[in-house]
Amino acid sequence: MTGRLFVIGLGPGNPEQVTPEARAAIDAATHFFGYAPYLDRLTLASHQTRHVSDNREELSRAGAALEMAAAGRTVAVVSGGDPGVFAMAAAVCEAIEKGPDAWRAVELIVVPGITAMLAVAARIGAPLGHDFCAISLSDNLKPWELIERRLELAASAGFVIALYNPISRARPWQLGRAFELLRKHLPAETPVIFGRAAGRPDERIELAVLGEADPAEADMATCVIIGSRETRLIAREGQRPLVYTPRFAGEVR
Ligand SMILES: C[S@@+](CC[C@H](N)C(=O)[O-])C[C@H]1O[C@@H](n2cnc3c(N)ncnc32)[C@H](O)[C@@H]1O
């Protein structure tokens, strides 16, 4: 007998940004796997059990959840934001690909959530209003040279860039290096948004320009959005400027 595995996106941190579909999945599951800060966001009933694991143990966490689902339980793996964006849904798929046949029989339901870049963008206007990409600055699972290449190509091709995992204690210099590279392709006045803890009580949204952007503005809870050549500011009396990327680009109007 096989069970079900939900991979649930809890959104950026604001309870109002947890979708009704995610709430229903949380109600349905009896076993919850995840990193403690995400599990801490849930209010569980007495018949629901938490299985906490460290942030870096994604694959073994996915395997443990699949094992329990394959045994017939209704299991949930939780992620912040969207589970498919630099998060657990890919780890679960990877575990299924590498794991025993029984794991392929598990009913897998990925429940989307609001990802960080969307929560940050919504706070300041519409910086992702035209073509954009998301790049993780973490070189834990890919070489730094590949990140540099993607940054340069994305900036020169005109994409707005959302940077996830911009900085950590183990990766202190990468964001500064990324800004240096981007300055080669973009004007100094290009808007840079430091969106920290969007949707949480300690939210902080700061606006800078690329020429002066200071990596110290970012921490592990920050999503950094760097505009394209088209991204612009609208000044407003007594309010923060709006940042937006128009719906048109190039010669087309
Ligand atoms: C491992 S990734 C997980 C992303 C997540 N699955 C999502 O869709 O937002 C962690 C990174 O997401 C970004 N992040 C997550 N929550 C955030 C929030 N509330 N505000 C700003 N950035 C956030 C930060 O860049 C952080 O380093």
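Trainee: Which two strands form a hairpin with two residues between them?
Mentor: Before I answer, please note that this is a predicted model. The hairpin is made by β12 and β13, with two residues between them. In its turn, G238 has a positive phi of about 70 degrees.

Trainee: How many bridges join β12 to β13, and do they run parallel or antiparallel?
Mentor: Four bridges join them, and the two strands run antiparallel. Strand β12 covers residues 232–236, and strand β13 covers residues 239–244. As one example of the pairing, I234 has L242 in β13 as its bridge partner.

Trainee: What about β6, and in which sense does it pair with β13?
Mentor: Strand β6, residues 125–126, pairs with β13 in the parallel sense, over two bridges. There, the bridge partner of G125 is V243.

Trainee: Let us step back. How many helices and strands does the chain have?
Mentor: The chain has eight helices and 13 strands. Its radius of gyration is 20 Å, close to the 18 Å that the globule rule gives for 253 residues, so the chain is as compact as a globular protein of that length.

Trainee: And roughly what box do the C-alpha atoms fill?
Mentor: Along the principal axes, the box is roughly 60 × 40 × 40 Å. The accessible surface comes to about 12700 Å², and 52% of it belongs to carbon and sulfur atoms.

Trainee: What share of the residues counts as buried?
Mentor: Of the 253 residues, 44% count as buried. As for contacts between residues at least 6 apart in sequence, 68% of them join residues at least 24 apart.

Trainee: Now the five-stranded sheet. In what order do its strands come?
Mentor: The order is β7-β8-β11-β9-β10, in an open sheet with mixed pairing. The edge strands are β7 (132–136) and β10 (204–209), each of which pairs on one side only. From one strand to the next, the twist averages 20 degrees.

Trainee: Which helices pack on it?
Mentor: Helix α6, residues 116–124, packs on the sheet and touches β7, β8, β9, β10 and β11. The direction of α6 makes about 65 degrees with that of β11. Helix α7, residues 144–156, also packs on the sheet, where it touches β7 and β8. The direction of α7 makes about 165 degrees with that of β7.

Trainee: How many bridges are there between β7 and β8?
Mentor: Five bridges join β7 to β8, residues 160–164, and the two run parallel. Within that pairing, I135 has L163 as its bridge partner in β8.

Trainee: While we are at β7, is S136 buried or exposed?
Mentor: S136 lies in strand β7 and counts as buried, because its relative accessibility is 6% and the cut-off is under 20%. The side chain of S136 makes a polar contact of 3.0 Å with the side chain of N165. Beyond its neighbours within four places in sequence, S136 is in contact with F86, K142, I147, Y164 and N165.

Trainee: You mentioned F86. Where is it placed?
Mentor: F86 is in the loop between β4 and α4. At 43% relative accessibility, F86 counts as partly exposed. Its phi is near 45 degrees, a positive value in a residue other than glycine.

Trainee: One last topic, strand β4. What does the side chain of S79 reach?
Mentor: S79 is in strand β4, residues 74–79, and its side chain reaches the backbone nitrogen of M88 at 3.3 Å. S79 is buried, with a relative accessible area of 3%. Not counting residues up to four places away in sequence, S79 touches I8, G9, L10, Y38, A87 and M88.

Trainee: And T74, which residues does it touch?
Mentor: T74 is also in strand β4. Leaving out residues up to four places away in sequence, T74 touches R4, F6, A28, A29, T30 and H31. T74 has a relative accessible area of 19%, and it counts as buried because the limit is under 20%.

Methods:
Residues numbered from 1 in each chain as written. Predicted model: local features only at pLDDT ≥ 70, side-chain atom pairs only at ≥ 80, totals over all residues. Heavy atoms only, no water. Pairing = 2+ DSSP bridges. Axes fitted to C-alpha atoms, helices over the stretch in contact; angles between N-to-C directions. Contact = heavy atoms within 4.5 Å. Buried < 20%, exposed > 50% of the residue type's maximum accessible area, 1.4 Å probe, protein only. Polar contact = N/O pair within 3.5 Å; in protein donor to acceptor, adjacent residues only side chain to side chain. Rg over C-alpha atoms; globule rule 2.2 N^0.38 Å. Areas by Shrake-Rupley, 256 points an atom, 1.4 Å probe, with all protein chains shown as cover.
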